[in-house]
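Reader: I have a structure to go through for class. Can we take it step by step?

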Amino acid sequence: MDELLVLARPLRGTVGETRRVCHVFVLPRGEKPKRLTALCGTEFGPGQLELLDRPTGMPCVACLRNAPPPRLLDGEEASA
């Protein structure tokens with residue numbers, strides 16, 4: 001599975017402040033889609049999102065619920 005997990009939230013002014021939550025997106029590497037659909041099902045078009053380098057502000061609960069479980073990187077071992 002060659003995908004990226006990306007965090008983004010709506011830009012200021014595109015939605016009300018209470019709706020500017022941190023969404024999770026799964027993107028195939030190398031592709032630049034015209035519209036992005038968050039794991040909660042909300043769609044966004046060009047110029048509507050602020051890409052985040054870490055979770056910022058309130059999370060989208062539905063995105064978190066639908067996010068894939070963490071997985072180990074090649075060569076890592078699980079710790080108890």
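Author: Helices (H or I, at least four residues) and strands (E, at least two) are DSSP runs, numbered from the N terminus. This is a predicted model, where local features need pLDDT of at least 70 and side-chain atom pairs count only at pLDDT 80 or more, while totals for chains, interfaces and linings use all residues. Residues are numbered from 1 along each chain as its sequence is written, and side-chain values use heavy atoms, with hydrogens and water left out.

Reader: ok, how many helices and strands does the protein chain have?

Author: One helix and five strands. Their order from the N terminus is β-β-β-β-β-α.

Reader: And which residues make up the largest nonpolar core?

Author: There are 11 residues in all, including Val 6, Val 24, Leu 27 and Cys 60. A nonpolar core is a set of buried Ala, Val, Leu, Ile, Met, Phe, Trp, Tyr and Cys residues joined through side-chain atoms within 4.5 Å; buried means under 20% relative accessible area, exposed over 50%, partly exposed in between (1.4 Å probe, protein chains only).

Reader: which element gives the most to this core?

Author: β2, with three residues.

Reader: New topic. How many aromatic pairs are there?

Author: One. The ring centres of Phe 25 and Phe 44 are 5.9 Å apart and the planes are at 70°, so this pair is edge-to-face. Rings of Phe, Tyr and Trp (its six-membered ring) pair if their centres lie within 6.5 Å; planes under 30 degrees apart count as stacked, over 60 as edge-to-face and the rest as tilted.

Reader: Is Phe 44 buried or exposed?

Author: Buried, at 7% relative accessibility. Phe 25 is buried too, at 1%.
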